[in-house]
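Dear colleague,

Please find the structure below, handed over for your use. My notes on it follow.

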Amino acid sequence: MPKTYDRDLIGYADQPPDPQWPGGKRLALNFVINYEEGSEPSIPDGDGRSEQALTEIAGYDFGSNQRDLAAEGMFEYGSRVGFRRLMRLFGERGMPVTIYACALALERNPASAKLIREGDCDICSHGWRWVEHWKLTEAEEREHVRKAVASLERTVGERPLGWYCRYGPSVNTRRLVVEEGGFLYDSDAYNDELPYWVQVEGKPHLVVPYTLTNNDTMFSRGGTATGGQFFEFCKDAFDLLRAEGGEEPKMMSIGLHTRVIGHPGRAAGLARLLDYVGGFDDVWICKRLEIARHWHAHHPPAS
């Protein structure tokens, strides 16, 4: 048996805190748009392969050192078309959205950066590039964190206050994020429905958990085929959490990708979902940064 076991399998258990969401809301609901296109592994960037994750052909082996122009085009659809469609859907309804922003992707699309600056958005850094952080050395990852902060300051006009890796962090990520400083939270966790504090190198650090469940990745996993199915699944999760929120208010995240749900047949399901959740006055539809700031103010770390 290992001498140390650093996983927390208990969490809040049967004593979750009352989040005290603004206005006594039952549920804090946060929508996230992952903006990754142009930062993924690619032959033009010298990576030796074309990325296929979360595309229409995920799982097809094109081979190494072969440029997959089809996969590249599917990524490009997200930045050329899908992102503008999603921003329009949120903008028409006056709903805020969090952008998980890969820094290099926004460097390569000033028009998208401008939409973010002008929209009702907050930025959470999704890394310098959309790469597997667990494959980076500690020095490489430290440099990726630094470059992401500096790049996003230039493109969107302010530094990111949140952090989220591609899929999962390395064993060093959270420590390096705290080491860099200036972050109010990270979302490299899938283990709860409320924010919580951890200790990193003796310092309190806030975790705002994310989800790959209420997420359009379900299309790429093959379990969901239509926008209607996406709507029904997320509606069921929303309804249950809102019902539970009468006794124990919760948080809900919904993850979106421009090259996935940005296609019209899927975006129609998202539009139905936005109209549905917007019909409840006991739900706080908010930015991720607002959740983090609320937790800092109302649930500071224990001394």
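Which side chains meet in a salt bridge at 2.9 Å, N to O? They are those of E244 and K250. Please bear in mind throughout that the model is a predicted one. The two partners fall into separate accessibility classes: E244, with 32% relative accessibility, is partly exposed, whereas K250 is buried at 11%, because the limit for a buried residue is under 20%.

Salt bridges

Some salt bridges in the model also join a set of residues through shared partners: R49, E51, E132, K135 and R166 form one such network. The total count of salt bridges is 27.

E132 is buried, with a relative accessibility of 13%. R49, for its part, has a relative accessible area of 29% and is partly exposed.

A further salt bridge brings together the side chains of D45 and R108, at 2.8 Å from N to O. This pair also links distant parts of the chain, its members being 63 residues apart. D45 belongs to the loop between β1 (27-35) and α1 (69-92), while R108 belongs to the loop between α2 (103-107) and α3 (110-118). Both partners are partly exposed: the relative accessible area is 27% for D45 and 45% for R108.

Strand β2 covers residues 97-101, and five of its five residues are buried, so the rest of the structure largely encloses the strand. In a regular strand, side chains alternate between the two faces of the sheet. In β2, V97, I99 and A101 point one way, and T98 and Y100 point the other way. The residues pointing either way are all buried.

β2 is paired with β1 and with β3. With β1 it runs parallel, and four bridges join the two strands; V32 has T98 of β2 as its bridge partner. The pairing of β2 with β3 is likewise parallel and extends over five bridges. Here I99 stands opposite I123 of β3.

The largest pocket

Rolling a probe the size of a water molecule over the atoms shows where empty space is left. The largest pocket holds about 870 Å³ of space. Its lining consists of 24 residues, of which D6, R7, R174, N191 and Y196 are the closest to the centre. Two elements give two or more residues to this lining, namely α5 (173-180) and β6 (196-200). β6 gives the most, with five residues. By residue class, the lining of the largest pocket comprises eleven nonpolar, six polar and seven charged residues.

Individual residues

A13 has a positive phi, near 55°. This residue lies in the segment before β1 and is exposed, with 54% relative accessibility. E201 also has a positive phi, near 55°. Its place is the loop between β6 and β7 (203-207), and with a relative accessible area of 64% E201 is exposed.

Finally, what surrounds T217, leaving aside its neighbours within four places in sequence? The residues in contact with T217 are L54, L212 and H257. T217 is part of helix α6, which spans residues 217-220. At 8% relative accessibility, T217 is under the 20% limit and therefore counts as buried.

With kind regards

How values were computed: Residues numbered from 1 in each chain as written. Predicted model: local features only at pLDDT ≥ 70, side-chain atom pairs only at ≥ 80, totals over all residues. Heavy atoms only, no water. Buried < 20%, exposed > 50% of the residue type's maximum accessible area, 1.4 Å probe, protein only. Contact = heavy atoms within 4.5 Å. 1 Å grid on protein atoms, 1.4 Å probe; cavity = no way out; pocket = protein on both sides within 12 Å on 5 of 7 lines; lining within 4 Å. Points joined across faces, edges and corners; volume = space filled by probe spheres on them. Nonpolar A, V, L, I, M, F, W, Y, C, P; charged D, E, K, R; others polar. Salt bridge = Lys/Arg side-chain N within 4 Å of Asp/Glu carboxyl O. Pairing = 2+ DSSP bridges.
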